[in-house]
Each structure stands twice: as C-alpha cells, then as structure tokens.
Amino acid sequence: MDPLLDFGHHTPYVERGLRQKHPIVNSSQSIKLLQDNIALVIKGKARVIEMAIVCLLARGHLLIEDVPGVGKTTLAHSLARSLDCSFKRIQFTSDLLPSDIVGISVFNRQKQAFEFMPGPLFANIVLADEINRTTPKTQSSLLEAMSEAQISVDNHTHPLHQPFMVIATQNPAEYHGTFPLPESQLDRFLMRLRIGYPTPDEERKVLDRPALLHPADEIHAVLTAQHILDLQAQVEKVRLDDSLMEYLLAIVLATRRHDLLSLGVSTRGALALCRGAKALALVRDRTYCLPEDIKELAPTILSHRVMLNRSQGVRAKSFDQAEQVIQHILDTVPVPL
Amino acid sequence: MPLNHAFRLSAILLAATSFTSLALALALPIWLLSLASVTFALAFLRIHHASRISGLVIRLRLSAITWNVFLLLAFVGFWIDLLLLSQELLPAGIHFLVLLLVNKLANLDQRQDVLHLYAISVIILLASAALTTQIWYAPVFFLYLVTGVWTLLLYHLVKEQDEGSAGRSVQCGQGRPASSPTRITVRFFWLTNAVAFSALLLTLLFFFFIPRIGAGFFQQHHGESLRTTGFTEHVDLGAIGPVKQDPNIVMRIELPELVGDKPRREPLYLRGVAYNRYNGRSWSNSLSHRRMLTELPQGTFTHKTPGSKFDGTTRGIRQDILLEPLDTAVLFGISTPFSIKGGFLSVQADLMGSLHLPFPSHTRLHYTVYSLQARLESDEERVATAFLYPEFIVQQYLQVPALDVQIIDIARRVTRPATSILETVQLIRAHLLTSYRYNLDVPSLQSAHPLEDFLLTRKTGYCEHYATAMVMLLRSVGVPARLVTGFLATEWNEFGNYYTVRQRDAHAWVEVYFPQSGWITMDPTPSASEATSQTWWRSAGSVVDSVRLKWDSLFINYSVNDQFGVVQGIRESGEAVRTKMSESLITMLGNGATLLGRFLKALIPSSVPRTAILIILAIMTSYLVLHMLRGHERGSSGGDSYSMNQRVVVTLYTSMVDQLSKHGIRKGASTTPLEFLHHVRDQWPEAWPAADALTRLYTRVRFGQAPLTAEECITAQRLLHTLQTLRRPVHLSLRR
C-alpha cells in the first residue's frame with residue numbers, strides 16, 4: 001500500500017490536549033476552540049477555516065480547489081488533528097484501484113474464510129489528495145461512499161465511521177493526465193473552497209515559523225468525535241424562518257432559469273445550502289439563520305453545481321464565471337424583510 | 001323605471017322605514033316629527049322631475065351654506081338637548097340623528113349621500129330596536145331588510161354604470177359594452193326580493209342555531225315596572241277611592257299538566273300576600289319574618305311551612321308563570337305553593353306562606369310553581385263550633401280590633417243556627433254575598449271606620465271590604481281567618497292555552513283555618529258580573545296576545561337553553577326516524593333475513609349518518625388546512641404571516657431603513673440586514689450604534705422568533721428617535 005500514508009491515531013495527544021485545560025461548556029465555545037486551534041497552523045485564513053468547520057458540522061464533504069502549495073493539505077490535516085478522530089490520507093494516482101481505498105476481502109487460512117480488510121476510507125476524516133488524478137472508476141467508488149456513508153464489498157455492507165468527512169483537493173492549474181470530476185459528481189461535495197494566496201504579512205508569519213516537517217503536528221485534539229456528532233445534531237435544530245426558506249428556494253430557482261447556466265442547482269444543492277446555512281448560523285453562535293448565512297454561503301455551495309452555457313473547456317475561468325453568475329443572482333433576488 | 005329613479009326611491013323608502021320604527025318606539029317631539037315628514041314628502045316629490053309640482057319643489061331648495069348652518073345648529077342643539085333638555089344621551093342622540101336624516105334627505109345628490117343615508121337609517125333602526133320589544137318591530141324590520149337589499153343592489157348597479165360611462169368617455173369607445181341595465185324591470189324587482197327573503201331565512205336559521213350572548217341589557221330599561229294600582233302590599237281600607245280598571249297585563253299562567261284534560265275555565269286564585277292583623281283601618285302582617293327557602297339542585301326552591309303535610313317530593317299543580325315587572329317583590333302562585341323554580345338567586349317566604357324575592361325585579365320573570373291545593377276534608381262538618389284551636393293559631397289569627405258592637409251582633413245573629421265550624425263559615429259567606437252589593441265606584445273619602453261604613457251604613461264595596469268583613473265576622477265568632485291579596489285569574493286565552501291576568505284582576509279574599517284541612521281559600525266577594533261577551537274584537541285581542549306571548553318566548557326570551565332544546569328535539573326526531581327505518585327494514589326482510597337486517601341496522605342507521613358527518617368534517621377540515629397553508633405560503637412570500645412581534649420589529653426596522661435612506665444610505669432589495677449595517681458603518685459611523693442595536697433586535701425577533709419585551713420596544717423607539725435627530729455630516733454624503 002504504497003500510495004497510502006497512514007497517520008494513525010492521535011490518542012496520545014488527546015491526553016495532553018487543550019480539552020483538559022478548557023472544559024467545553026457549549027457549542028459556541030467548542031467551535032471557537034476548534035477555530036482557534038486550526039488558526040494556529042493556517043495563518044490569516046479565518047474564512048476558510050470557518051467554511052471547513054461549517055462543512056464538517058453540516059455533515060458535508062469539502063472540495064478544496066487551488067494551486068499547489070497554499071495549504072490545502074495542511075488545512076485538512078490540522079482539522080483532523082484538532083479532532084480526536086481517526087484520519088487517513090489517500091494520495092490519488094492514476095493507478096489507484098477502488099479496492100485500495102475501500103478495502104479488500106482476504107482469505108484467512110486459519111479460519112478457512114474470507115476476511116474483510118478495511119481500506120483507508122474507514123476513518124473519520126479522509127483526505128483525498130489530488131482527486132482528479134485517478135480514474136473515474138476509483139473516483140466513483142469514493143463518491144458512492146461519500147453519499148451513502150457506507151460501502152459494499154462482496155455483498156457485504158460496511159457502515160463507515162461517524163462523523164465521516166472527505167476532504168478532497170484538486171489542482172485546477174494542471175490538466176495533463178487528469179480526469180476532471182463531472183458536475184454530477186461534484187454535486188456530492190457540500191462546498192468547493194479556494195484558499196488563495198496569503199497576504200504578505202500573513203506569508204511572513206508562515207515563513208517566520210520554525211521549520212517543521214508537518215506544521216499540523218504542533219496542535220493537539222480539542223474535540224472528540226462525540227462533540228462533533230452533538231454539534232451536527234444541534235445544526236438540525238437551528239431555526240430557518242419560512243421567509244428564508246422562500247429566499248433560498250428563490251435563489252435555487254433563479255439558477256435554473258438563468259440564461260448563462262445550462263444546468264441549475266439540484267435539489268441536493270438546495271438541501272446543502274439549507275444545511276450549510278444552519279451550520280454557519282451555529283458557527284456564528286446563533287440559534288436561527290439570517291439571510292446573510294444563505295447569501296454568504298451560496299457562491300461556495302452552489303457554484304460547483306451549476307454548468308455554464310459556453311466555454312466549458314477552461315475550468316479555472318468557468319469557476320470564476322459560475323461564481324459571478326451566482327453572485328449576480330444573489331444581487332437580484334430580494335431579501336425577505 | 002329608470003335606474004337612478006329606482007335607486008333614490010328605494011333609499012328614501014329605506015330611510016322612511018327606519019324613521020317609522022323610531023317614531024313608533026319613541027315619542028318624538030311634534031316639530032321634529034312634522035319636519036321629518038315634510039322632508040320625506042319633498043324628497044318623494046323631487047324624484048318626479050317631470051310633474052309641475054316638482055318644479056316648484058326644486059325651486060324650494062336651500063343653498064348648501066344654509067344646510068351647513070342647519071347642521072351646525074343641529075350639533076349645538078344636540079349638546080343643549082343633552083345637557084339641559086332631555087339630559088340623557090339616547091333621546092338627544094336620536095333627535096340629532098333625525099336632524100341628520102333630514103339634512104341628508106334634502107341633499108340627496110351624490111351617490112355617496114345615499115350611502116350616508118343608509119348608515120344613518122341603520123343607526124336609527126338600531127336605536128329603535130334598543131327602545132322596544134314590541135311585536136310591531138318585526139314587520140318594520142322585515143320591511144327595512146327588503147328595502148335595504150334593494151338599495152344596496154341598486155347602489156352597486158348605479159356605481160357600476162357611472163364607472164362604466166366614465167371609462168368609456170376616457171377610452172373613447174374602447175370601453176367594454178354597457179352590461180349594467182339602465183332600467184329596472186319587474187323581474188329584477190322580484191329577484192331582489194328573493195335575495196332579501198333568502199337572506200332573511202338564513203338569518204333566522206342562524207338565530208335559532210348559533211349561540212348568542214344575553215340580550216338582557218337592552219331589555220333592562222324597557223318599560224319601568226308597572227305601578228301596581230291593583231295589587232299593593234298594603235291593604236288600607238281607610239283610604240278608599242274608585243279603583244281604576246287597568247287592563248295592563250300583569251302575568252300569564254300556563255298550566256302545562258292540565259291543558260290536555262280540559263280547558264280550564266274556573267277562576268284561579270293567585271295568592272300574593274297574607275295578613276293577620278287589622279287595626280280598624282288597615283291590614284298588616286305580624287308574621288312578616290322571612291326565611292330563605294331551601295335550594296335544591298336545578299334552581300328549585302322548596303317551601304316547607306311548619307306543620308305542612310307535604311315535602312319536596314310531592315308534585316302538585318304545576319304553573320308556568322310569566323310575570324311582568326312589578327314594583328313588588330312578591331311572587332304569585334296558586335295556594336299553597338311548596339316549590340318554585342326559576343332563575344332566582346334566592347327566594348324568601350314568610351310564616352304565612354307568601355313568597356318573596358329579595359328585591360323587586362326589573363325584568364320579566366319566568367318561573368314555575370308547584371302548588372298543592374288544600375281541600376276541605378269531608379269530616380269537617382262534624383267538628384263542633386267549640387273546637388279548641390292550637391296555641392299558635394289562637395295567638396295570630398283571632399285578633400280583632402275594637403269594633404262596633406253591631407258588627408259582633410251581626411256575626412252572632414248570622415251564625416246562630418250553625419252546628420259546625422264549616423257551617424259557621426258558610427253562613428257568614430252567604431250573608432256577605434247576599435246582603436251587600438259589589439261596587440267599584442266607592443266615593444272617595446277618608447273614613448275612620450271603613451268596616452263599619454261598609455257593613456252597617458253603605459252596604460256597597462269591593463273585594464277588600466268583603467274580605468275584611470268576612471275575616472272580622474269569623475274572628476268575632478272564634479274562627480281563625482286571614483286576609484289574602486293577589487290576583488283572580490278568569491280570562492282564559494283559548495289560542496295560547498293560558499290565563500291572562502291583568503291589573504284589574506287584583507283581588508282580596510279570605511283563608512279560613514279548618515281543624516282538619518288547614519287553611520282553605522274562601523271568597524266572599526260576589527263575582528262582579530263581568531261581561532263575558534265573546535265579541536270578535538275580544539277574541540282578536542286574545543289572538544294578538546297569544547302571538548305576543550309566542551313572540552316573547554320564541555324571540556325575546558329565546559335563550560341558549562331553548563337552542564339546546566331545538567337541537568335536542570331535532571336529534572331526537574332524527575333518532576326516532578332512524579329507529580323506525582331500521583325496524584321497518586327488519587320487518588320487510590322478514591324472519592329469514594333477520595340476520596341481514598340486524599347487520600344492516602348496525603351498519604346503515606348508525607354508521608351512515610356518522611360516515612356522512614365524518615366525510616363532511618374531513619372535507620371541511622382539509623379545506624381549512626389547505627386554505628391556511630395557502631394563506632401561509634402567500635403570507636411568507638408576500639410578508640403577511642408575521643406574528644405580532646414580528647410585525648412590530650419589521651415596522652421598526654423599515655422605519656429605520658426609511659430614516660437612513662433619507663440621509664442617502666439606501667438599502668437594496670437584495671441587501672441583507674447585516675450587509676446594510678456594514679454600509680451604515682462605512683458611510684455614517686455616528687448612526688451605526690443605533691442601527692446596530694435595531695438590526696440586532698430585528699434579526700433576533702424576525703428570524704429567531706425571540707420574544708419581544710415592552711422595554712425592548714421602548715428602547716427601539718428611542719433609538720429610532722435618536723436616528724431622526726442625528727445630522728449626517730455633509731462631506732460624508734458627498735463622498736458617495
């Protein structure tokens with residue numbers, strides 16, 4: 001299993017974690033703790049961190065799309081390290097097979113029976129690095145696991161761990177030897193994020209830091225898996241006013257009717273926006289959604305789900321354009337009073 | 001008839017109807033009455049433009065200024081009327097209303113004027129409704145309903161016509177074809193009437209089936225209690241005078257348990273108050289100490305006189321009595337009442353069995369009395385005159401004032417042949433009946449010895465003289481007796497099957513104590529040979545009275561209980577039909593199919609109506625739910641389904657946004673509250689704290705459904721005020 005890099009469990013760190021020093025009282029405190037912990041590693045990207053946490057709390061999967069070397073892997077890594085969860089990283093290559101990520105049944109000579117050897121997907125947080133470098137066959141086996149939260153091998157269904165979150169990265173700049181994910185499969189990701197270059201000041205802070213092999217090793221787990229499950233349950237209880245639901249639906253409907261889009265947002269997309277808005281409200285320490293939550297998340301959550309009418313070839317450009325179209329829609333749909 | 005013509009005519013008719021009702025209900029001043037009549041006449045005449053008189057009438061019109069002055073004077077007059085003349089709101093208001101009506105009638109030019117007239121007439125009709133419970137109100141009200149429907153329909157048509165013609169003139173021929181008629185046909189007339197009738201029918205249905213609130217308020221002041229000229233609680237023979245033949249109805253008595261047997265024609269003695277002490281001039285009651293009756297469940301009060309032979313379980317003669325408001329608290333009933341049922345809080349009785357309320361009632365009373373009529377025992381004849389009465393009776397009922405010796409002589413002489421008490425009583429009664437003449441026209445004079453006057457010198461008198469004389473004669477020969485006053489019901493209404501009792505039926509009679517039978521009613525007064533002439537007007541009068549009673553019981557006193565009764569009756573009859581159907585079904589199917597019949601009985605009669613009801617209910621519920629859901633959707637998209645708090649904060653927030661937009665900071669439709677707040681902070685930092693607090697409150701209540709306290713409201717208002725007073729620096733607005 002050469003392409004797999006197993007980071008193993010982080011239980012030793014948990015004992016020394018911040019959790020012991022700061023007993024967690026409520027959801028806003030635990031979220032703040034998580035944010036601050038990640039911010040120790042990822043400098044000056046508060047919004048990206050927030051979005052990643054929203055994605056986690058909304059039970060979604062995250063697609064990070066950016067040029068190499070801006071901290072995609074580090075973000076995923078530090079998020080996983082901040083939680084007392086199992087973390088696996090899969091480096092996607094063109095020769096990766098579905099059984100490499102899902103697992104395989106091996107014949108056990110002592111027991112005279114096949115035994116299932118779980119693959120790296122059996123973890124709470126899975127980093128799928130450079131997902132567009134592998135074949136569609138392997139891609140789809142991952143995507144199935146993402147939507148069903150379970151995998152089937154040899155007529156046996158194996159539920160995945162909870163919480164389960166896939167953080168996939170892809171590099172929009174290189175196209176040689178890649179298998180770009182079609183929009184229908186992109187739909188499985190709750191949001192698509194770009195990290196972007198840091199500002200010079202922030203970059204200086206990164207450079208000033210003592211050289212470490214893995215900056216994420218600095219931090220310790222602050223929350224357990226149970227904390228995350230509790231927070232995810234709380235997201236469901238966040239109140240979304242009927243008028244905001246109308247607003248959300250109006251946005252979704254506008255993408256389906258927009259001239260520049262050949263494919264609008266699916267119902268899954270609407271559901272994702274709804275759940276994301278609730279998670280964002282919780283992250284911002286509210287028990288109810290505001291129009292802001294929807295408006296702010298809409299580009300992130302919707303732009304990878306729509307298909308532009310023309311210029312499908314240039315993906316980087318289409319990403320920007322799709323965001324522009326969504327932004328335009330947001331500027332026209334009236335906010336409920 | 002042209003449309004406009006008909007419209008005006010119906011409006012005037014409407015006003016005339018309501019005015020008629022008012023004039024019937026209340027004695028209006030003559031000048032007001034004549035002014036209104038003249039105005040009505042003029043208004044009617046003015047409709048016919050063609051005739052020669054109307055030309056004159058039209059020329060008679062006063063200018064608008066005159067009418068305004070008239071209105072002003074009327075308003076001033078209203079205050080004068082209210083404060084000085086009638087000193088009450090209702091009459092003053094009504095006079096003012098009539099003046100308003102006159103003003104409107106004289107200026108019936110615009111379409112709106114008719115609407116005003118309509119409103120005024122409604123108020124007038126309501127006022128007259130508050131003033132009366134008389135039966136004539138029903139036809140007037142019905143007439144008003146019909147004319148009201150005419151007027152409203154015609155108003156609509158005229159309005160449509162006017163707008164249609166206006167639209168046509170603007171659009172130069174492109175307007176829609178004239179669909180509204182310009183003339184009123186006979187068919188239209190009848191159609192309108194049909195609409196009115198069906199509306200009335202529907203209203204009646206509602207009246208009988210929908211629960212209502214008590215109408216006691218309006219009835220409270222209708223006709224203050226009758227001054228009982230006939231019946232008084234004091235019997236003063238000294239102050240005698242001609243008794244008025246007052247035909248006012250005092251009460252109506254139904255005998256529901258005796259109606260089926262035979263029409264009762266024999267007179268009923270309705271006992272009021274009894275007296276035991278006579279001082280030579282007037283009667284008084286030394287046993288007037290009252291005690292409360294025991295209350296049984298269902299508002300029944302039982303009366304247990306000491307030594308009486310009956311208890312609460314005995315059922316005597318039942319009388320349903322409808323008593324008009326009197327200025328006495330006495331309750332009447334056949335002798336001897338032992339239980340009484342009605343909407344009373346408490347009932348009191350004195351030691352002689354008279355029933356009293358704690359205070360006189362101002363409303364009509366409807367109550368039921370159960371009485372046990374004491375009968376003369378047959379062995380009474382055998383009781384010798386020298387009977388030894390109980391101590392209590394001797395003390396209370398044998399008192400005699402200092403009378404003329406001749407009176408005692410008369411008593412002795414008359415009763416000399418008697419061998420028993422009964423005979424003594426009969427002899428005295430016969431003597432009074434034969435030797436004296438009944439006459440109501442007793443010369444009015446103050447007499448110191450009224451009884452001597454009656455018995456020895458004048459020898460004419462009325463019931464009180466007779467009764468007093470009998471009691472005194474009996475007592476002077478040692479027979480206990482007492483005087484009773486009340487009403488003698490003789491007038492039987494065949495149409496309604498009840499007795500009508502009038503003021504003039506007030507009566508006084510005697511109760512004699514017999515050793516075996518107790519107190520027995522005796523009447524020494526010769527029946528004043530009343531003219532029982534069954535003339536047509538008399539029977540017509542009784543028809544009217546029975547209709548009035550029905551009107552009273554069906555409409556005026558129609559209560560929730562009666563509604564229950566109606567519904568119960570319908571349900572019971574439905575039940576009866578159902579069982580009958582199922583029975584006939586079973587017999588039809590015969591013995592062989594009994595099983596099937598039983599099955600059908602179980603299935604059809606019970607479950608079909610139930611299923612039908614269930615289906616109807618389900619349809620209604622789903623319709624309601626759908627309606628609500630649709631309303632909800634519409635509301636949430638259109639902003640209508642706010643809760644109270646949400647509406648308040650939305651209003652606050654929009655006024656804040658308006659306020660800020662006056663200073664150049666505008667909120668786009670797609671701008672969210674917090675984005676707008678950021679704008680405010682960037683462009684006008686001074687306004688930011690207030691805007692921030694307001695936006696927080698708004699988002700919390702609007703989207704978070706947080707409760708809104710009164711303090712928060714006040715704070716928000718204050719913040720809004722601060723925003724209003726803030727001045728935005730000029731250079732900042734220029735920067736935009």
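The structure is a predicted model, in which local features need pLDDT of at least 70 and side-chain atom pairs count only at pLDDT 80 or more, while totals for chains, interfaces and linings use all residues. Residues are numbered from 1 along each chain as its sequence is written, and chains are lettered from A, with ligands numbered from 1, in the order in which they are written.

**Contact between the chains**

Chain A contributes 20 residues to the contact and chain B contributes 16 residues; two residues are in contact if their C-beta atoms, placed from the backbone, lie within 7 Å. On the side of chain A that touches chain B, α11 (242-257), α13 (291-302) and α14 (315-332) of chain A each supply at least two residues. Helices (H or I, at least four residues) and strands (E, at least two) are DSSP runs, numbered from the N terminus. The most is given by α11(A), with 4 residues. This side of chain A comprises 10 nonpolar, 3 polar and 7 charged residues. Here Ala, Val, Leu, Ile, Met, Phe, Trp, Tyr, Cys and Pro count as nonpolar, Asp, Glu, Lys and Arg as charged, and the others, Gly among them, as polar.

**Helices of chain B**

Helix α1 of chain B (residues 3-25) has 23 residues and, at 1.5 Å a residue, should span 33 Å; its end C-alpha atoms are 33 Å apart, which agrees. The expected span is 1.5 Å times one less than the number of residues. Because 17 of its 23 residues are buried, α1(B) is largely enclosed by the rest of the structure. A residue is buried if 20 or more other C-beta atoms lie within 10 Å of its own, exposed if 12 or fewer, and partly exposed in between, with C-beta atoms placed from the backbone.

The axes of α18 (residues 644-662) and α21 (residues 710-725) of chain B come within 10 Å and cross at roughly 10°. Axes are lines fitted to C-alpha atoms, for helices over the stretch in contact, and angles run from 0 to 180 degrees between N-to-C directions. The two helices, α18(B) and α21(B), are therefore roughly parallel (angles under 35 degrees; over 145 is roughly antiparallel, 65 to 115 roughly perpendicular and the rest oblique). Their contact includes B:V648 and B:L652 of α18(B) and B:A716 and B:L720 of α21(B). Its residues divide into 7 nonpolar, 3 polar and no charged.

**Strands of chain B**

Two strands pair if DSSP finds at least two bridges between them.

| Strands | Bridges |
|---|---|
| β3 (249-254) and β10 (317-323) of chain B | 4 bridges |
| β10(B) and β16 (365-371) of chain B | 7 bridges |
| β4 (268-275) and β12 of chain B | 2 bridges |

An open sheet of 5 strands runs in the order β12-β4-β20-β23-β24 (chain B), with antiparallel pairing. Its edge strands, β12 (333-334) and β24 (518-522) of chain B, each pair on one side only. Helix α14 of chain B (residues 463-476) packs on the sheet, touching β20 (481-489) and β23 (506-514) of chain B. Within α14(B) lies B:E464, which counts as buried because it has 25 C-beta neighbours inside 10 Å.

**Backbone features**

Most residues other than glycine have a negative phi, and most peptide bonds are trans. The peptide bond from A:Q162 to A:P163 is cis, with omega near -5°. Phi is positive at A:D285, near 65°, and at B:Q705, near 50°. A:D285 counts as exposed, with 12 C-beta neighbours inside 10 Å, whereas B:Q705 is partly exposed, with 15 other C-beta atoms within 10 Å.
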